[in-house]
Amino acid sequence: VLKDICAKYNLQPRGVHGEHSESKGGIYDISNRRRLGLTEYDAVNEMKKGVLEIIKEESKLTWMPEPLDELWGKISKGESKSLLKQKLTQEVYDKLKDKKTSLGGTLAHCINSGCRHLGSNVGIYACDPDAYTTFEDVLSPVIKAYHKVDKINHPVPTFGTEEEMK
């Protein structure tokens, strides 16, 4: 799959020691195959599109959390002093339970660890950059409580627009 995506976007998967080297531990260096005869904008845009597609494919290979309803049962009925337990109310759960990030992250991905380990102090983690906005109804209150702040100034996650890259 990696080679197919790279071919589609004129990219080249390299090993950890550069061209013609092997990957170590599944780590690759992705570089542009085409370097002459195209603008910097075109090279960056090909890289961006290819990397985003690679990320989507990688997300399909990652572990899957326990079913959300089972996780919710554990945290809502279990004994925990975690920030997750404090901030994920029934109302917030109902609002977020069917949402997904642009990379396929779910509420279950974010709360899996905290529901399986009720002794956790925090209990929730952003599963990807979009989770901060997709699941902000629970993540923002947790972050504010953890850092003891009233306001969070997160930048909007972005790779930039095509116009910004010109």
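Modeller: A cut-off first. Buried means under 20% relative accessible area, and exposed means over 50%. By that rule, 35% of the 166 residues in the protein chain are buried. Keep in mind that this is a predicted model.

The protein chain has nine helices and two strands. Read from the N terminus, the order is α-β-β-α-α-α-α-α-α-α-α.

Next, the core itself. The largest nonpolar core holds 23 residues. Leu84, Leu88, Leu107, Ile111, Ile124, Phe135 and Val138 have the most contacts inside it. Five helices each supply at least two of its residues: α3 (68-77), α4 (83-87), α5 (90-96), α6 (107-116) and α8 (136-147). The largest share comes from α6, with five residues.

Leu107 is then in contact with Leu68, Tyr93, Leu96, Lys97, Lys99, Phe135 and Val138. Two of these partners, Phe135 and Val138, are also on the list of residues with the most contacts inside the core.

There is another core, apart from the largest one. This other core has six residues, including Ile5, Cys6, Tyr9 and Leu11.

Leu68, Leu71, Trp72 and Ile75 are buried in α3. These four cover an arc of only 100° around the axis, so they sit on the same side of α3. What lies over them? The cover on the buried residues of α3 includes α4, α5 and α6. Turn to the other side of α3, and Asp69 and Lys77 are exposed. Leu68 ties this view to the previous one: Leu68 is buried in α3, and Leu107 is in contact with it.

Finally, the whole chain. Take contacts with a separation of 6 or more: residues 24 or more positions apart account for 57% of them. The radius of gyration is 20 Å, while a compact globule of 166 residues would have one near 15 Å. Along the principal axes, the C-alpha atoms fill a box of roughly 60 × 35 × 25 Å. The chain exposes about 11,000 Å². Carbon and sulfur atoms supply 52% of that area.

Technical notes
Residues are numbered from 1 along each chain as its sequence is written. This is a predicted model: local features need pLDDT of at least 70, side-chain atom pairs count only at pLDDT 80 or more; totals for chains, interfaces and linings use all residues. Side-chain values use heavy atoms; hydrogens and water are left out. A nonpolar core is a set of buried Ala, Val, Leu, Ile, Met, Phe, Trp, Tyr and Cys residues joined through side-chain atoms within 4.5 Å. Buried means under 20% relative accessible area, exposed over 50%, partly exposed in between (1.4 Å probe, protein chains only). Contact means heavy atoms within 4.5 Å. The arc is that of the directions from the helix axis to the C-beta atoms. The radius of gyration is taken over C-alpha atoms; the globule rule is 2.2 Å times the number of residues to the power 0.38. Accessible areas come from the Shrake-Rupley method with a 1.4 Å probe; for residues, only the protein chains shown count as cover. Lists of a residue's contacts leave out its neighbours within four places in sequence.
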